[in-house]
Amino acid sequence: AFEGLTERLQKAMEKLRKKPKVTDADLRETMREIRLALLEADVNFAVVKDFVKKVREKATGAEVLKGLNPAQQIVKIVNEELTVMMGETAVALEKAPHIPTVIMMVGLQGAGKTTTAGKLALKLKEEEHARPLMIAADVYRPAAITQLQQVADSIDVPVFEEGTNVDPVQIVKDGMDQAHANHNDYVLIDTAGRLQIDEKLMDELAQIKELTHPNEILLVVDAMTGQNAVNTAEGFNDQLDITGVVLTKLDGDTRGGAAMSIRAVTGKPIKFVGEGEKMTDLDVFHPDRMASRILGMGDMLSLIEKAQKNFDEEQAQETMEKMRENTFDYNDFLAQMDQVTKMGPMENLLKMIPGMANNPALQNVNLDPKQFAHIKAIILSMTPEERQNPDLMNPSRRRRLAAGSGRPIVEVNRMIKQFNQMRKMMKQVTNGNFNGLQNLMGG
Ligand code: GDP
Ligand code: MG
């Protein structure tokens, strides 16, 4: 998802990257391109207008941050405003003070209600050891109940159903009785959908709402439908006062408009996103992470911010300079490692680097502090000359380092390879060249 948008936004901002100073005209041009990119991605017109206005105000008033070039600053502002636009922080599921918590799944036909009900039930089972009951209240398509049964069987969750000849409101009533009797802690109601919002559907949903007083009315919308998803959300919200949205099919070729407009248009949070057909493909929606993803940059900005907070200002400046000039050497690497250790667990930091969070090559990397000590040992076995000139590392020197540090040669080679990749990456980051960076990371 979002490839087109990501590329356009990056292009818009890349033009700024070599400029030491951003003029009003530059900013106007960038904003124009961002505006077009968002409109093309099917973001709601009013939302785009408001967004562009906010970014322009912030960018105009922005102070020159030490260590960040103009392009990076604009990226930072765009990222922050995208995050705000999508709701700022993740919003958790509401819970009933007394069991069961009732979750009503609503939405148009084919949006993903049944699938999402299953995914959610599985999540609750795994995270809270919950004992959910699912109620089959879609009686209009004969296959609907069978489908829910299959979904429920695959995750080992019971279904309450009364066939297709009973009124859905009655089914829900009977299902609630069963949930009370069995002490189920969650009830997920799988309701019917239509191809379009109609009065009969809304009436039925309103009756089920009236009957069960659900803690959540989750509207499931298909991200692929762009503006239609936003209109659907508006329609359902007007009639049912939904509590949240689940955006499905984000794994598909969606342009991003729905993800970016729904919160701003309806005022209701996106709570989950569906990213595939499997039962495990449901994630909590994090506006900040989504913004970074749209910008195609991992969580680079949090990393920059974290670095600014923790790093000694002068040394950070010096490092930036070295990164820019590509003279970053093993001495700097050592100093950085000491700084980085102050910043917290390495895994968290790595995930913030563009392309890293989802990079399969890194899925199995296990970074324990011992590894840090080993890397340090290898670098400390280098001569001062080697530390200053990373290009000297030929095979015989590598063998000597292995012997000196007591580490296997493969580990020495790996460390050197990683260091060289890091150097290359740093150069790209400081140039604001996120495209190149993504290519480098295989993203
Ligand atoms: P309902 O009519 O709203 O109950 O929709 P369903 O749950 O039956 O889903 C319709 C289709 O969309 C099914 O083929 C699902 O497998 C598929 N689907 C649902 N969520 C996702 C998702 O997040 N990603 C993908 N790729 N497919 C999904
Ligand atoms: Mg269904």
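**Notebook: exposed loops, the sheet and the ligand shell**

I started with histidine 183, which counts as exposed because it has 10 C-beta neighbours inside 10 Å. My cut-offs, with C-beta atoms placed from the backbone: buried means 20 or more other C-beta atoms within 10 Å of a residue's own, exposed means 12 or fewer, and partly exposed is in between. Before going on, I noted that this is a predicted model, where local features need pLDDT of at least 70, side-chain atom pairs count only at pLDDT 80 or more, and totals for chains, interfaces and linings use all residues. Residues are numbered from 1 along each chain as its sequence is written, while chains are lettered from A and ligands numbered from 1 in the order in which they are written.

**Loops**

Histidine 183 sits in the loop between helix H7 (168–182) and S4. Helices (H or I, at least four residues) and strands (E, at least two) are DSSP runs, numbered from the N terminus. I found phi of histidine 183 near 55°, positive although the residue is not glycine.

I placed aspartate 241 in the loop between helix H9 (227–240) and S6. Aspartate 241 has 11 C-beta neighbours inside 10 Å, so it counts as exposed.

I then checked the peptide bond from isoleucine 99 to proline 100 and found it cis, with omega near 0°. Proline 100 belongs to the loop between helix H4 (70–85) and S1.

**Helix H4**

I looked up burial in H4: twelve of its 16 residues are buried, so the helix is largely enclosed by the rest of the structure. Among the buried ones are Ile74, Val75, Lys76 and Glu81. After H4 comes glycine 87, with a positive phi near 115°.

**The sheet**

I traced an open sheet of eight strands, in the order S3-S2-S4-S1-S5-S6-S7-S8, with mixed pairing. Strand S3 (159–160) and strand S8 (282–284) are at the edges with a single partner strand each, so one side of each has no neighbour in the sheet. For pairing, DSSP has to find at least two bridges between two strands.

What is the burial of S2 like? I got six of six residues buried, so S2 is largely enclosed by the rest of the structure. Pro132, Met134 and Ala136 point one way from S2, and Leu133, Ile135 and Ala137 point the other way. S2 runs parallel to S4, joined by six bridges, and parallel to S3, joined by two. Methionine 134 has leucine 188 as its bridge partner in S4 and stands opposite valine 159 in S3.

Further along, S5 (residues 216–222) and S6 (residues 244–248) run parallel with five bridges. There I found leucine 219 opposite valine 245 in S6. H5 packs on the sheet, touching S1, S2, S4, S5, S6, S7 and S8, and its direction makes about 170° with that of S4. Contact here means C-beta atoms, placed from the backbone, within 7 Å. Axes are lines fitted to C-alpha atoms, for helices over the stretch in contact, with angles from 0 to 180 degrees between N-to-C directions. Helix H8 (residues 199–212) lies across S1, S2, S4 and S5, at about 175° to S1.

**Ligand 1**

Which residues come nearest to ligand 1? Of the 20 around ligand 1, they are Gly112, Lys113, Thr114, Thr115 and Gly274. A residue is near if its C-beta atom, placed from the backbone, lies within 6 Å. Helix H5 (residues 113–128) gives the largest share of the shell, three residues.

Key
Two residues are in contact if their C-beta atoms, placed from the backbone, lie within 7 Å.
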